[in-house]
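Hi,

Here's the structure I promised you.

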Amino acid sequence: MEPNFRVLRKEFPVLERKTYLNSGSYCALANDVKSAFEAYMEDRLLVGANWDVWVTKNESVRALTATLLHAAPDEIAVTASVSAGLNALASALDFSGARNKVIVSDFEFPTNAQIWHAQEPRGARVVHVPAAADGYIPLENFEKLIDAETQLVAVTQVCFRNGARLDIPGIVKLAHARGAKVLLDCYQAVGALTVDVKQLDVDFAVGGMLKYLLGTAGLGFLYVRDELIPSLTPSTTGWFAQANITAMDITANRPSPTARRFEAGTPPVVNCYAAEAGLKIILEVGTDTIGERVQYLTRLYMDRLEEIGWPSITPRQDERHGPMICVRAKQVARLFGKLTEQDIVTSFRDDNLRATFHFYNNEQDVDALIQALLGHQAQFQ
C-alpha cells in the first residue's frame, strides 16, 4: 500500500514552520525519535544504570542496520562514527606487500581520504581519481588507475559537494576483476535510496544515522563481508570489540568472531535509542518507496530550475544523482543566509547551494525554494 506522505509529514514538527531541505546535513526530527530521547531520560531517572536495556538497544541498532543493508547482523559493527569504523578497518589492513595502493575519488568526504592518507607511514599509497571535464568521474577514470597493486578502492556513493552519484556496480566489477576490494561510503545515500550491499557486491560499507536514517549524530556503522572478518584483526579496539564483553580479561586481546571486532568502547547509549526509532521509520516506509519519492522530488526540482534558467550542476540522469541537488551561486554563503531568513533551510559546500530531499518533503517545498531563488537570482546567479 502506498504510504500517505501527507500524514507522514506531520510526524516532523519542524516542517510546520520551515521549508526543510537539509537532510544531507542533519535530518528533520521525527516525533518518534524525540520520544526515544525522552524514553532514555526516563530510564535514567527511574532506573539509573540500565545496562541490560542499553546493550539490547545497541543490538537492536545492529539488527535494524543489517535489515536496512540486506546484510546479516554479524556483518555489522555499530560505531561512534564513520571515522571510528574506518580507522578500525584501516588498522587491520596490511600495506607492506605489493598490494599497497588505495584508490579514492576526488568526490570523497574528507574522512574517506584523510584516514587513508594517514596510513601512508604504514606503506599505503593513496591515489586520487580525478573528475572529467564535465565535472563527473566516469568509470574509465577508475579503469586507468585500478591495477594489480590496488588493495582497496574506497569511494563515495553520492558526492557531498555536488550530489553526483558514482557508478558503484561498474567500479565494483572492475575492482574485483583486478583483485581489489571495495569500500562504499553510502552516508549521502542510505535511507533516501535502497542500499543493498549484497546486490552491490561491496566488501565494506560505512554510513551514519544523522542524515537520511532519521537518527542523531554520534552513531555510525561499518559493514564487513562475512568471509573477510576472520582475516582482519584491528589494532584499534576496545572492550566492546571482544568475543566476551563481560569477561573483563586484561591478559589478551580476544576479538569477536563477528564484525563487532571493529567496535571499541562503551557504545553511545542515548544515540542508540534515537537511531533505533529512526531506523524503524525508514524500514516501515520502505527504502524502495522512499527512493521513488525522492526521485520524483529531485526530478521536479531540476525541471523547475531549468524553467527559471538556473540549472543544477548535479547530473540529471537518475542513475547519476541521489537525494542532493546543487546549483552554483555567487556569494553562496550570503544566499544561504537570505534563504535562512525566509525559513528555507538548505546548506552549501564550495560554491554550491545544496537542497537535499527526503520522503517528508513535498511539491510545496520545491515551489518555496524555486520562488525564493527567483527573488535572489539577479544577485546570486
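What covers the buried residues of helix 12? The cover includes helix 1 (5–9), strand 1 (19–20), helix 10 (287–307), helix 11 (332–341), strand 10 (344–345) and strand 12 (352–356), going by contacts, meaning heavy atoms within 4.5 Å. Helices (H or I, at least four residues) and strands (E, at least two) are DSSP runs numbered from the N terminus.

Before the rest, some housekeeping. This is a predicted model, where local features need pLDDT of at least 70 and side-chain atom pairs count only at pLDDT 80 or more, while totals for chains, interfaces and linings use all residues. Residues are numbered from 1 along each chain as its sequence is written, and side-chain values use heavy atoms, with hydrogens and water left out.

Back to helix 12: its buried residues (under 20% relative accessible area, 1.4 Å probe, protein chains only) include Asp365, Leu369, Leu373 and Phe380. Helix 12 also has a kink of about 40 degrees centred on Leu374; the bend is the angle between axes fitted to the seven residues ending at a residue and the seven starting there.

Helix 4 (82–92) is mostly covered, with eight of its 11 residues buried. Those buried residues, Val82 and Leu86 among them, pack against strand 2 (76–79), helix 5, strand 6 (181–185), strand 7 (204–208) and strand 8 (220–224).

Helix 4 also gives the most to the lining of the largest pocket, with three residues.

Cheers

Terms used. Buried < 20%, exposed > 50% of the residue type's maximum accessible area, 1.4 Å probe, protein only.
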